[in-house]
Number of protein chains: 2
Amino acid sequence: MNSAKCFKMFFKLSWKISPMYIVLLFFNTLASSGQILINVILPKFLIDELLGERQIERLLLFGGIIVLANLFFTWLTLTMKRVMDEKGIYMREMMNHLMSEKIMKVEYSYLENPYYLDLKERAVFASNNQSAMENLILSVGKLFNSIITLIGLLVVMFSLSLVLVLFLIITIILTFVAQKKFMKYQQNFFGQIIPVNRKYGYYVGLAYDDKLQKDIRLYGMSPMLTKRVRQYNDEINEWFTKYYTSQGSYLGFLSIINDLQAALAYGYVGIRVITNWFGSRIGIGSFTMYVSAAIKFTSSVSTLGEQVMSVSQYLSYLHPFMEFMELPEEEKVGGDLPFEGNVDTIRFEHVTFQYPGSEKQVLKDISFEIKKGEKISIVGLNGAGKTTLIKLLCRLYRPTEGKIYINGHDIFEYEHSSYMKCMAAVFQDYRLFAFTMEENITCKEPQEDIKKASELLEKVGLKEKVESLPKGIKSLFGKSYDEGGIEMSGGESQKVAIARALNKEASLIILDEPTSALDPLAEAEIYENFNHLVGDKIALYISHRMSSSVFCDKILVIDGGVISDYDSHTKLMEKQDSLYYKLFHSQAINYSS
Amino acid sequence: MNSAKCFKMFFKLSWKISPMYIVLLFFNTLASSGQILINVILPKFLIDELLGERQIERLLLFGGIIVLANLFFTWLTLTMKRVMDEKGIYMREMMNHLMSEKIMKVEYSYLENPYYLDLKERAVFASNNQSAMENLILSVGKLFNSIITLIGLLVVMFSLSLVLVLFLIITIILTFVAQKKFMKYQQNFFGQIIPVNRKYGYYVGLAYDDKLQKDIRLYGMSPMLTKRVRQYNDEINEWFTKYYTSQGSYLGFLSIINDLQAALAYGYVGIRVITNWFGSRIGIGSFTMYVSAAIKFTSSVSTLGEQVMSVSQYLSYLHPFMEFMELPEEEKVGGDLPFEGNVDTIRFEHVTFQYPGSEKQVLKDISFEIKKGEKISIVGLNGAGKTTLIKLLCRLYRPTEGKIYINGHDIFEYEHSSYMKCMAAVFQDYRLFAFTMEENITCKEPQEDIKKASELLEKVGLKEKVESLPKGIKSLFGKSYDEGGIEMSGGESQKVAIARALNKEASLIILDEPTSALDPLAEAEIYENFNHLVGDKIALYISHRMSSSVFCDKILVIDGGVISDYDSHTKLMEKQDSLYYKLFHSQAINYSS
């Protein structure tokens with residue numbers, strides 16, 4: 001995306017968020033340019049009067065206009081500041097809002113792709129920490145302001161001398177040439193420093209992360225981390241020393257130009273006061289006007305330069321945001337067919353999959369079928385492709401080749417949200433939220449009727465726990481924003497996650513290592529209730545605890561991305577050379593003593 | 001900690017980090033005050049000359065001094081800017097450095113306490129995002145600058161009229177009174193808005209977190225999250241509308257004071273030019289000088305006010321940083337006795353423990369002994385206190401009552417770092433780092449001799465995996481800062497973590513759920529090698545996979561914080577009503593088919 005497109009998107013977006021903000025900003029800009037010009041021009045008349053006839057009425061008139069105009073502009077500026085500050089917060093929040101909605105809607109596969117994850121991080125950083133949108137708008141305002149002011153001042157100077165104005169314009173052009181060159185250098189510099197910065201950030205992040213401190217202490221890693229942080233520190237410092245030297249030369253050049261402007265303007269104005277070499281002499285009033293015009297002129301050129309840089313900087317901050325906003329959304333993926341009824345059959349047909357950007361085929365030409373009400377256990381070694389298969393079924397990824405059919409239709413024919421309703425899953429890395437227990441289970445705003453959620457908590461064996469809590473099912477989970485939140489063990493959380501999955505009343509239930517954190521009794525409890533909990537739904541079950549396969553109708557054995565077996569426990573145990581037999585036996589033998 | 005103490009600590013700290021920076025800042029401040037005064041005073045002489053004798057030499061002299069002085073100050077400012085920018089980066093990095101060292105050294109228990117975790121977050125935010133240290137120094141510099149400038153300007157004005165100066169001082173006092181009131185309001189306001197902001201931050205954070213997106217999609221949580229984000233948005237907006245209205249009144253009052261100052265100064269100066277009511281008439285040169293002194297005066301009063309607010313704001317940002325820096329460090333906890341030799345015996349004597357701030361006793365009057373070379377399995381239900389027992393042994397917490405002895409000495413008698421060397425642990429929530437495989441195992445800078453690390457990788461069953469990697473044992477783990485990093489499954493990572501623990505050559509090895517993510521074959525492999533891997537060291541072993549207990553000499557059964565049994569597998573299996581029998585049986589039964 002180029003800067004022009006980014007700027008256009010930015011303008012459209014900010015207009016959409018708050019047209020009023022843009023309009024106000026425009027008038028604010030005009031007003032503040034007006035104030036500058038009035039303060040340059042009016043004092044001339046006051047001084048001329050002071051040095052001339054000293055008519056009290058006229059002195060009061062000019063003085064009065066200056067004072068009143070300034071009072072008016074001050075009032076205007078303050079009012080605008082208040083309105084703009086409010087709107088600024090609104091803009092920032094709307095940007096957060098847009099971004100968070102987008103993340104929740106974007107096609108899931110982008111969120112496991114390092115490039116897009118990095119893009120997301122940068123986009124979030126732009127909106128959260130750099131207030132890029134708000135700052136860009138303000139910079140555009142100031143840029144516009146300095147342009148208007150410069151034009152006004154050039155007109156004033158023009159009334160003195162065309163040649164002087166031409167000289168001044170040449171200095172502005174020189175400024176821009178230098179600036180363009182420096183910006184290119186700057187861009188280059190920040191591009192080059194990224195890798196060092198990422199490493200530095202990573203190491204500092206490690207040292208800051210409280211979750212790592214047990215390991216850091218036990219393995220005495222502090223000296224190594226400290227050394228690396230220091231090393232990257234030094235490296236960054238070296239880079240920046242070079243950078244600031246270049247910046248110094250650039251700013252030095254700018255100040256020479258600025259001095260040249262001042263010398264030109266003051267010198268010329270001075271000569272016009274004491275000689276008539278370039279035209280008739282001017283009075284002290286005009287002298288004051290031209291000198292203050294010259295002062296404002298040099299400062300406006302600086303402001304212009306600064307704002308051009310700010311605009312370009314904030315635009316570059318916004319790049320990732322705009323790029324992320326353009327990513328396709330999940331809802332638009334797939335067809336229009338609404339998913340209705342239950343999941344009766346699932347069929348994988350020659351499904352092959354490799355992660356985007358990866359060479360390796362995680363699944364190779366997988367075909368199998370699941371019939372109504374079947375409980376299927378998926379087993380295999382670590383990295384065999386079990387979780388990937390589940391992700392494909394959940395439409396989090398699209399098969400590289402082949403198709404997945406549910407009830408006879410390619411799953412991508414179904415309309416997205418109705419499809420998502422048909423399945424519930426507890427992933428290995430499931431997460432609960434700092435909501436109440438009830439909200440964690442229902443994933444909805446609190447209901448008056450908590451009967452269903454309570455029943456589910458009882459089913460998964462959390463009845464006593466919930467009853468022991470002061471606020472029961474309305475207890476807040478975790479202390480993220482409230483000290484009063486309750487804490488739960490890994491096993492208890494896993495039970496809540498299972499209750500959440502059951503609450504969904506989906507006709508396809510997927511459990512990926514659902515009991516890994518549970519103690520043997522809790523595990524046995526879940527196993528015993530499993531068939532009862534799931535009812536006549538299709539259930540897919542991934543677990544390294546081979547004993548869980550015994551409860552299932554069929555076992556899908558995946559070995560290095562291909563299906564090596566698909567049969568019942570009894571049948572598979574007959575084949576003593578099968579992977580399944582080995583897996584089961586290796587655990588069973590330890591319990592036989 | 002009060003602001004004065006915080007400021008004192010800040011000053012000591014910045015002096016320690018870079019005394020040169022402070023000295024430079026001081027001179028920079030003086031120089032920039034000097035420039036302002038020169039530009040106020042010298043033009044008077046130029047103008048007097050222009051309106052008077054117009055001697056070319058004197059005109060050139062005054063003009064020359066003004067131009068040269070400004071050139072000199074511009075050069076000085078630019079040079080200082082370059083040096084200060086560099087030093088600024090250095091300051092920020094040193095703050096990161098201090099903070100990261102502190103986190104790695106602070107007593108561990110603070111890092112599991114919500115209050116101190118929050119303090120840490122705020123301290124990190126101050127140093128990372130608000131550049132609080134650097135900004136505070138700059139603000140103090142500007143504050144100092146505006147005070148010096150104001151004093152200089154008051155001296156200039158004093159040469160005109162004592163009464164005028166007194167009036168101006170009164171306006172400054174009025175400004176301060178208003179400011180103090182507003183700052184109090186501000187502090188109050190930001191205190192009140194914290195809870196809403198935390199909730200808002202939490203919900204936005206949820207929406208931003210890519211790890212949660214699977215669950216958010218599957219459970220259709222997007223509408224609920226969006227609604228809450230919007231709701232807290234609105235709430236914050238309402239708060240800020242009120243805030244900006246108050247700020248508006250305050251700024252309005254300030255601008256009235258500012259206008260009053262201007263009217264007083266301009267009016268008085270004007271009267272002195274056209275009348276001799278308050279003394280002899282002054283010339284246009286003096287008029288210009290006093291007017292520009294008045295302009296600078298009002299702007300310096302504003303700057304002074306702004307900087308007082310900035311200083312107080314940055315000080316409040318630094319509060320958490322300073323508070324965190326004062327926390328006691330692990331190394332200073334415990335005695336001086338160096339730990340030498342091996343861990344031969346471990347004895348818990350009446351150990352009771354409750355987490356700081358919690359009412360609940362997690363462990364109650366625990367006593368047991370472990371002899372040389374014993375392998376102990378610790379079993380119990382979720383939440384029984386198994387992991388807490390390990391944390392106490394690792395000195396991550398201190399027993400509330402009772403003592404733990406190793407080789408006959410209370411573990412807190414030992415000197416910290418030598419004690420930490422005697423034990424290696426793989427925790428449930430162990431973490432690997434984006435280092436090379438070798439560095440992950442040795443936790444040290446890369447060595448020339450990689451034999452030991454390679455052998456350990458072979459022992460834990462990763463030989464083939466490592467050999468398949470292009471850079472072998474020097475391969476970078478994870479993609480945190482390098483796209484070329486390799487990725488590993490949960491099981492493979494767990495094996496690396498076990499290799500890291502074995503590398504430490506500690507005489508006490510602790511494994512907390514070391515095989516939970518491993519597939520049955522990998523699990524069996526670790527079990528088979530277990531005794532061989534651990535050798536004659538004492539080993540503590542926590543696992544929900546009961547079969548692992550069979551390999552151990554004794555089993556410590558914890559039930560609700562107390563020891564319910566401590567015996568060998570065979571003995572414990574004889575007691576059919578024991579918790580251990582139930583736990584073992586509940587898993588074994590599923591493998592008996």
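**First stop: two domains of chain A**

Start where domain 1 and domain 2 of chain A meet: four residues of domain 1 are in contact with five residues of domain 2 (contact means that C-beta atoms, placed from the backbone, lie within 7 Å). On the domain 1 side, that makes one nonpolar residue, two polar and one charged. Here Ala, Val, Leu, Ile, Met, Phe, Trp, Tyr, Cys and Pro count as nonpolar, Asp, Glu, Lys and Arg as charged, and the others, Gly among them, as polar.

A word on what you are looking at: this is a predicted model, where local features need pLDDT of at least 70, side-chain atom pairs count only at pLDDT 80 or more, and totals for chains, interfaces and linings use all residues. Residues are numbered from 1 along each chain as its sequence is written, while chains are lettered from A and ligands numbered from 1 in the order in which they are written.

Now colour chain A by domain: domain 1 is 3–330, domain 2 is 334–422 + 507–593, and domain 3 is 433–505. These bounds come from an automatic or database domain assignment. Taken over C-alpha atoms, the centres of domain 1 and domain 2 of chain A are 57 Å apart.

**Next: the annotated stretch**

Select residues 22–313 of chain A, which UniProt (unreviewed entry) labels "domain: ABC transmembrane type-1". Such annotations may be inferred rather than shown by experiment; their names are shortened and their positions follow the numbering used here. This stretch is 88% helix and 0% strand, with its end C-alpha atoms 20 Å apart. Helices (H or I, at least four residues) and strands (E, at least two) are DSSP runs, numbered from the N terminus.

The same record marks "transmembrane region" at 20–47, 59–78 and 147–177 of chain A.

- Residues 20–47 of chain A are 100% helix, and the end C-alpha atoms are 41 Å apart.
- Residues 59–78 of chain A are also 100% helix, with 28 Å between the end C-alpha atoms.

Zoom in on Ser18(A), in the loop between α1 (3–17) and α2 (19–51) of chain A. What does Ser18(A) touch, not counting residues up to four places away in sequence? Show Lys87(A), Tyr90(A) and Met91(A). Met91(A) is 73 residues away in sequence, yet 7.6 Å away in space, C-alpha to C-alpha. Ser18(A) is partly exposed, with 17 other C-beta atoms within 10 Å (20 or more would be buried, 12 or fewer exposed, and partly exposed is in between, with C-beta atoms placed from the backbone).

**Into the core**

Look next for the largest nonpolar core, 144 residues. A core is a set of buried Ala, Val, Leu, Ile, Met, Phe, Trp, Tyr and Cys residues joined through C-beta atoms within 7 Å. Among the residues with the most contacts inside this one are Leu136(A), Met423(A) and Ala207(B). Helix α9 (residues 284–325) of chain A gives the most, 16 residues.

**Last stop: where the chains meet**

Show both chains: 116 residues of chain B are in contact with 116 residues of chain A. Helix α8 (residues 222–274) of chain B supplies the largest share of chain B's side, 22 residues. That side divides into 58 nonpolar, 30 polar and 28 charged residues.

A rotation of 180 degrees with 0.1 Å of shift along its axis superposes chain B on chain A (RMSD 0.2 Å), the relation of a two-fold axis. To find the axis, select Ser516(B): its C-alpha is the nearest to it in chain B, at 3.2 Å.

Conventions
Copies are superposed by least squares on the C-alpha atoms of residues with pLDDT of at least 70 in both.
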